[in-house]
Amino acid sequence: DLFQPQMGSRLLNLDRDVAQWPWRRRLRLAVSPGYARLRRDIAALEAAQLATTRRIVAVSREIAEVFHRVHGVPRDRIVLVPNGVDTALFTPEAAAARRAEARAALGLAPGALALLMLAGNFRLKGVQHAIAALARCAAEAPEMMLLVAGAGPIAEFEAIAQRSGVADRVRFLGL
C-alpha cells in the first residue's frame, strides 16, 4: 500500500552516476548485455512498485516531481513527507554551544566559512561539484572549508580535490 523510495528513482540515479564516468567506461557499458539487463530489471521493478502501490512517499518536492513527470505517477498518489528535525534537541542555544566545540575539534578558525555536505552517495549528492565550486571561490574566500560527512569513495574524491588544488581545504569526516 505504501512505497517510500529512499533514493528516489534508482534508474535515474544510476543514469546520473554513469553520466559522470569517463567516456571509455560509459562506452563499455553501452555494449554490455549485463548492464542492459540490469537497467531493464531496475526499470521493471520500479514500474511494478509504482503501479501496485496506492501511495508513494516522497521526501522532497524534487523527488515527488520526478515520480510524477518521469514515471507518470498521478500527483494525488504522491504524499510529501520531508525529513524531520527534532526541534527539542536542535535549538539555537544548544547549537551555539556545540558549534565552538566542533570548530575547535575540526581545526576551523572561528570566522572561517564551513560548508557541510552529508552524503551516502557522493556522486548523486554532487560532492565533485562542491569541490569545483570551492576551487572557483578559493581566491575570494581563502578560509572557506568543505566538510563532507558520510560513506563514499573517499580516495577518489580526495584525488578530485587534489587535482582541483583544494585538497587542504576539503575534509572527509566519514560516518
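The following legends describe close-up views of a predicted model.

**View 1. The open sheet of strands β4, β5 and β6.** Three strands, in the order β4-β5-β6, form an open sheet with parallel pairing. Strands β4 (114-118) and β6 (170-174) lie at the edges, each pairing on one side only. On average, neighbouring strands of this sheet are turned by 20° against each other, direction ignored.

**View 2. The pairing of strand β5 with β6.** Strand β5 (residues 145-149) runs parallel to β6 and is joined to it by 4 bridges. Leu147 stands opposite Arg171 in β6.

**View 3. The contact of helix α1 with helix α3.** The axes of helix α1 (residues 10-19) and helix α3 (residues 33-52) cross at roughly 150° and come within 9 Å. Helix α1 contributes Arg10, Leu11, Leu14, Asp15 and Val18 to the contact, and α3 contributes Tyr35, Leu38, Arg39, Ile42, Ala43 and Glu46. Of the residues in this contact, 7 are nonpolar and 4 are charged, with no polar residue present.

**View 4. The largest nonpolar core.** This core has 17 residues, and those with the most contacts inside it are Phe122, Val127, Ile131, Leu146, Phe157, Val170 and Phe172. Two or more residues each are given by α7 (127-137), β5, α8 (154-164) and β6. Helix α7 provides the largest share, 4 residues. Apart from this core lies another, of 10 residues, including Leu50, Ala58, Val59 and Val73.

**View 5. The surroundings of Val127.** Residues up to four places away in sequence being left aside, Val127 touches Met117, Ala119, Phe122, Val148, Phe157 and Phe172. Val127, Phe122, Phe157 and Phe172 are among the residues with the most contacts inside the largest nonpolar core.

Notes: Residues are numbered from 1 along each chain as its sequence is written. This is a predicted model: local features need pLDDT of at least 70, side-chain atom pairs count only at pLDDT 80 or more; totals for chains, interfaces and linings use all residues. Side-chain values use heavy atoms; hydrogens and water are left out. Two strands pair if DSSP finds at least two bridges between them. Axes are lines fitted to C-alpha atoms, for helices over the stretch in contact, and angles run from 0 to 180 degrees between N-to-C directions. Contact means heavy atoms within 4.5 Å. Ala, Val, Leu, Ile, Met, Phe, Trp, Tyr, Cys and Pro count as nonpolar, Asp, Glu, Lys and Arg as charged, and the others, Gly among them, as polar. A nonpolar core is a set of buried Ala, Val, Leu, Ile, Met, Phe, Trp, Tyr and Cys residues joined through side-chain atoms within 4.5 Å. Buried means under 20% relative accessible area, exposed over 50%, partly exposed in between (1.4 Å probe, protein chains only).
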